[in-house]
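Please keep the sequence and the model in view while reading.

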Amino acid sequence: MYDSLVFGMEAVPSLPANEPVKSYAPGSPERAALETEIAALRASPPEIPLVIGGRRVETGRIREIRAPFDHSLVLGHYHEAGAREAAMAADAAMEAARAWAETPFPVRAEVFRKAAALISAGYWKPLAAATVLGQSKNAYQAEIDAVCETADFFRVNPALAERLYAEQPRSDSEERNLVDYRPLEGFVYAVSPFNFTAIAANLAASPALMGNVVVWKPASTAVLSAWHLMRLYEEAGLPAGVINFVPGASREITSALLARPDLAGIHFTGSTAVFNSLWKGVAENLSTYRAYPRLVGETGGKDFVFVHPDCDLEAAVAATVRGAFEYQGQKCSAASRLYVPRSRSEEFLSALAAEIGKVKVGSPLEYGNFVNAVIDRAAFETITGYIGRARKNPSCTILAGGGADASKGWFIEPTLILTTDPHAEPMVEEIFGPVLTAYVYDDSDLDAAYALVDSSSPYALTGAIFARERHEIERATRALRNAAGNFYVNDKPTGAVVGRQPFGGARGSGTNDKAGSMLNLLRWTSPRAVKERYAPVRDWRYPFMG
Ligand code: NAD
């Protein structure tokens, strides 16, 4: 049934190796280096300008950056862009567009390959330290995101683009045919979320790699790491105006940019509601555009773990703890609904609750803490609101966690809710925090259980099944074919690696253009077919007319 899949065959040369993941184990050099860098960033909080056409721009509208894990810690300030600066940024992008589009691909690729090399050589320190401080990631989470995934995007995307450009039509002795992979005519608006520094990097960098110019608006809660990315692009030699950096007022920036005829695309990652509003904004302005803007959005998730009665329970428990609670559940791929078979529910849920009870919550600067602060007050209130409503919901029982403490930072305990209603609010809505809701299914009817998993959420981003028997793994894989764009067997549903698990989901989870794959790069090119006939025809009459 998987016509398009050929398992285990590598048809094309292999991709560059992934950036090795450093352990930050006690006594390791990386741990000492990160601590030194964190101290240095704390000691000199920056005042971050916009970067438009390569120039630093200060608006005087200054916003504070505070650490999510310690409200009293001011990490820096940034100048906020509005409609005027958004227009300036789009103008600067358009000024840079021609020269960048005419820059040969190998030259463009060098900028990003160099950026990756700079990360490995030492730039990993400010990227990781800014992500720890500004986004409250522990050292390991910052490493796999800001360091490794970012470097992977910068190395793997050029190799994928080479494969794409190599895809050419047939020519022969009579004619030459080629496909010219042009960048889009106009600028791409990249809008990035707070939760992954690497995603912020890729949203601006993948269109730029393909020859496009970009106006990039990072999330207001991730400006510190975004600033270090912008400095990295400059250090790597990205020409002025190719990526323009405009942190600031989302709505104003968006309405200024969506009204321009030269908007060529939107590269978005964030919530479904915001992506829907961007799509509507484009629809409202459709008659003003020179070309149909490309809309690429990776959005929300309600990601599942499905525990089969024959599975390795210990492995399923460990994967569920990591999948649901790493980075406080603030991953689009985080497990947030859990299906447990009745025949083993007591055993599984008590083991899971016991492990959750061992998780330490606190500052990312203390290494024993597995769960750190959520990103800001708004997130804290939304998540604790869900927990509060679950407490009052007669179908729900809190089996672990449930507490929260905002006195110093935005801390919420990893929380396990058990519900008897598979459609209860915490079972179907994206909470985007350290909250996992479990439902016990009847394992005498697995087909009904799979149908429930498939139909109970509007999203389809990630999902994991834990099972042993091979036919059952195949059956679940088939039954849940459309329930997740990234499907895991006997592994947690988070932690996609560039070049290994292209990432994205369909339904309410986005356009599924698979970040870190050729499919994504394809969206940032507008191919032109060129045919040349070597010996042109000289007589307009056809032989049949004789
Ligand atoms: P968000 O939607 O609040 O913000 C994303 C970006 O949109 C930010 O830059 C924000 O400033 C901007 N924005 C907010 N309101 C806007 C508006 N009205 N107009 C234009 N831009 C606006 O999301 P977030 O809180 O940063 O991230 C969490 C969400 O992102 C979750 O829903 C999560 O599932 C999703 N996410 C998805 C993926 C994926 O690959 N599918 C990856 C990471 C995060």
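D70 lies in strand β5, where strands (E, at least two residues) and helices (H or I, at least four) are DSSP runs numbered from the N terminus. This is a predicted model, in which local features need pLDDT of at least 70 and side-chain atom pairs count only at pLDDT 80 or more, whereas totals for chains, interfaces and linings use all residues. Residues are numbered from 1 along each chain as its sequence is written, and side-chain values use heavy atoms, with hydrogens and water left out.

**D70 and its surroundings**

- D70 counts as buried because its relative accessibility is 12%; buried means under 20% relative accessible area, exposed over 50%, and partly exposed in between, with a 1.4 Å probe and protein chains only.
- Leaving aside neighbours within four places in sequence, D70 is in contact with K408 and G409, contact meaning heavy atoms within 4.5 Å.
- The side chain of D70 also makes a polar contact with the side chain of S72, at 2.6 Å. A polar contact is a pair of N or O atoms within 3.5 Å; within protein, one must be able to donate a hydrogen and the other to accept it, and residues adjacent in sequence count only if both atoms are side-chain atoms.
- With K408, the side chain of D70 meets in a salt bridge at 3.9 Å, N to O, the term standing for a side-chain nitrogen of Lys or Arg within 4 Å of a carboxyl oxygen of Asp or Glu.

- The protein is divided into domain 1 (28–299 + 510–531) and domain 2 (303–489), with bounds that come from an automatic or database domain assignment.
- Taken over C-alpha atoms, the centres of domain 1 and domain 2 are separated by 31 Å, and the contact takes 26 residues from domain 1 and 28 residues from domain 2.
- About 2200 Å² is buried between domain 1 and domain 2, with carbon and sulfur atoms giving 60% of this area; buried area is the accessible area (1.4 Å probe) that two parts lose on being put together, summed over both.
- In domain 1, the residues that lose the most area to domain 2 are F69, H71 and F194, which together make up 25% of what that side buries.
- Across the interface of domain 1 and domain 2 the rule finds one salt bridge, while the count of residue pairs in polar contact between the two domains, both at pLDDT 80 or more, is twelve.
- On the side of domain 1 that touches domain 2, at least two residues each are supplied by α1 (29–43), β5 (70–79), α3 and α4, and α1 gives the most, with five residues.
- By class, that side of domain 1 has ten nonpolar, ten polar and six charged residues. Here Ala, Val, Leu, Ile, Met, Phe, Trp, Tyr, Cys and Pro count as nonpolar, Asp, Glu, Lys and Arg as charged, and the others, Gly among them, as polar.

**Salt bridges elsewhere in the chain**

- The structure holds 27 salt bridges, and one of them joins E85 to R61, with the closest N and O atoms 3.0 Å apart.
- This pair links distant parts of the chain, since E85 is in helix α2 (residues 83–102) and R61 is in the loop between β3 (55–57) and β4 (62–67), 24 residues apart.
- E85 is buried at 5% relative accessibility, whereas R61 is partly exposed at 38%.
- R61, R84 and E85 are linked in a network of salt bridges.
- E162 forms a salt bridge with R113, the closest N and O atoms lying 3.1 Å apart; E162 belongs to helix α4 (residues 139–166) and R113 to helix α3 (residues 105–135), 49 residues apart.
- E162 is partly exposed at 42% relative accessibility, and R113 is partly exposed at 29%.
- D513 pairs with R523 in a salt bridge whose closest N and O atoms are 2.9 Å apart.
- D513 is buried at 10% relative accessibility, whereas R523, with a relative accessible area of 22%, is partly exposed.

**G300**

- G300 sits in the loop between β11 (294–298) and β12 (303–307), and G300 counts as buried because its relative accessibility is 2%.
- Apart from neighbours within four places in sequence, the residues in contact with G300 are G270, T272, E430, Y459, L461, G508 and S509.
- The C-alpha atoms of G300 and F325 are separated by 17 Å, the two residues being 25 residues apart along the chain.
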